[in-house]
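Subject: Structure for your review

Hello,

Here is the structure you will be working from.

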Amino acid sequence: MAYKAPVRDLTFILSEVLEIDRYANQAGFEDISPDLVQQILEEGAKFAEEVIAPINHSGDKEGCHWAEGGVVTGPKGWKEAYQAMVEAGWPALAADPAFGGQGMPAVVGMAFGQFTAGASAAFSMYPGLTAGAYAGIHANASDELKAKYLPKMATGEWGGTMNLTEPQCGTDLGLVRTKAVPQGDGTYKITGQKIWISAGEHDFTDNIIHTVLARVEGAPDGIKGLSLFLVPKFLVNEDGSLGERNSLMCTGLEHKMGIHGNATAVMQYDDATGWLIGEEGRGMNNMFVVMNEARLGTGLQGLAIASAAYQAALEFARDRLQGRSLTGPKNPDGPADPIMVHPDVRRMLLESKAFVEGGQAFILWTALQADLEKSADAATAQKAKDYMGLITPVLKAYLTDKGFHVASLGMQVHGGSGYTEHFQASQYLRDARITMIYEGTNGIQALDLVGRKLPANGGRAIMSWFADIDAFVGEYRGNAATDPFIDGLDKAKGALQEASMWLMQNGMQNPDNAGAASTDYLQIFGLTALAYMWAQMAVVAQKQIEAGSTDPFYATKLQTGRYFVERILPDARAHLKKLQSGADVLMAMPAEAF
């Protein structure tokens, strides 16, 4: 299967739905035009299809190699592909021009990210982890550290990672044992072990810049005692050249279910030299910048894998001959009909297509909020910041849940062939599974949503979200062609509002109610978000049709959206019913009875 980057879909979202050229007065958008966006997407698609996609399957088979001394090499051809990406300037697309970046808006960078992750999820993690580490340093480090490390991280010449997890702690980072001892000269000696470090060691770059959570000697136990440190693989001299090797090492690689092409490392720090990022005791606050960047990237990864899995399933369904149509042969000259004719196969394909195309809009809409956070208008910036806080856990969890579901549907369309390694259906399913776990499991994302993000600032973000939807519904209701989308959105928003009220009334009096409701609440939110995206896309597509466009793209978009409204969106009410059952049925059974 030859991966094809969804250029037409993303051009439609960026230029016609989001109309990003309207933001010419916003920093980073000054030179943006539909023609420039089209050029970036077309060139990015070409790179993803011709350079990255061809090494995805072979990289899955070969994996990464660890040797004595902590030397790690990637699969055949991966180093060369990474270097080609750096030489073409793609990692610098959305980075700060002050540090060698191209300064494109985040929404454009996120579009290119969909292409690279669709072409190879494992490969995309190398520049993706670097972008996360870059963001944390850019937001919190001293000017001296920024000047020294960010230029080569921005271009991708140096890699980056995030080091949180240890053998005894994952979600509960208050249990971190890695220690940092101040040396009196502005440096610290970092000692400890970190596990599951994506892109922790490899041969793609000359240096790897680790962002490491550690506890300064004498700091209190728990989260409040943590600080964040920059710990380079190679120390950097004053002139920017590489100095001696730091005292850190990859002591092994994990053997995993998927993402075999990414080096998931066990990292050992033995009095490694590090520099404080931000202030002591603010490690978790500073790391959240890195984590939130990674969570958005993980949501994108889940969606992008789904897109590739759908493409593979569609190609197989068109080629595979099996059985006859229930309404008579559709391929009378052949021994059987393509399985595309069967209603249940079409159900799986349409469910996949409706999710992928709605998710593409959700990703880019959210990325636009990241750009608007930088607006000179205080109200616009505050609203965008509120939405980023509220939406990030939804986007991460919902898109990865459904991304894995689409990968599973893709395998089902392939039938027995999909269970073999001859086709890539197996790889997509295996690669997608981790997205539901890392960067905070989806259950943790749901708890974060209901416990922190929903009540933040007196519920300001969710009330603004409801108001925006109400305004959209009021403006566009009345066109028979798009009213099913508007009505579906209105009903989904009603279910989300009802669920929010239930949580307010029942979650505070019994916290278990909030915990028991959290996943269903997140699913309702995700469905409402996609309903909002589909309604916006439907309005634009219908306007084009009414204006005389004969491009079948718009009619197909409406047909796909109707499937979402009629066959997927009703799940919101089922989730609401489950949510309202409360915690009793979950918590009543004694632990020993399980």
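Lys 557 and Asp 9 are both buried. This is a predicted model, and in it the two side chains form a salt bridge with an N to O distance of 2.8 Å. Lys 557 belongs to helix H16 (residues 552–568) and Asp 9 to helix H1 (residues 7–17), so their pairing ties together parts that are 548 residues apart in sequence. Both residues also belong to a network of salt bridges, in which Asp 9, Lys 353, Glu 357 and Lys 557 are linked.

The count of salt bridges is 26.

- Glu 498 pairs with Arg 573, and the closest N and O atoms are 3.2 Å apart. Glu 498 sits in helix H14 (residues 483–506) and Arg 573 in helix H17 (residues 571–579), so this pair ties together parts that are 75 residues apart in sequence. Glu 498 is partly exposed because its relative accessibility is 35%, and Arg 573 is partly exposed at 44%.
- Arg 430 pairs with Glu 421 at 3.4 Å, N to O. Arg 430 has a relative accessible area of 14%, so this residue counts as buried. Glu 421 has a relative accessible area of 37% and is therefore partly exposed.

Next, helix H9. This helix covers residues 343–372, which makes 30 residues. Of the 30 residues in H9, 25 are buried, so the helix is mostly covered.

The last item is Glu 201. Where does Glu 201 lie? Its place is the loop that runs between strand E5 (187–198) and strand E6 (208–216). Is Glu 201 buried or exposed? Its relative accessibility is 3%, and because the cut-off for buried is under 20%, Glu 201 counts as buried.

Leaving aside residues up to four places away in sequence, Glu 201 touches Gly 70, Val 72, Ile 208, Lys 233, Arg 245, Cys 250, Ala 263 and Ala 265. With one of these, Lys 233, the side chain of Glu 201 makes a polar contact of 2.6 Å.

Regards

Terms used: Residues numbered from 1 in each chain as written. Predicted model: local features only at pLDDT ≥ 70, side-chain atom pairs only at ≥ 80, totals over all residues. Heavy atoms only, no water. Helix = DSSP H or I, 4+ residues; strand = E, 2+ residues; numbered from the N terminus. Expected span 1.5 Å × (residues − 1). Buried < 20%, exposed > 50% of the residue type's maximum accessible area, 1.4 Å probe, protein only. Salt bridge = Lys/Arg side-chain N within 4 Å of Asp/Glu carboxyl O. Contact = heavy atoms within 4.5 Å. Polar contact = N/O pair within 3.5 Å; in protein donor to acceptor, adjacent residues only side chain to side chain.
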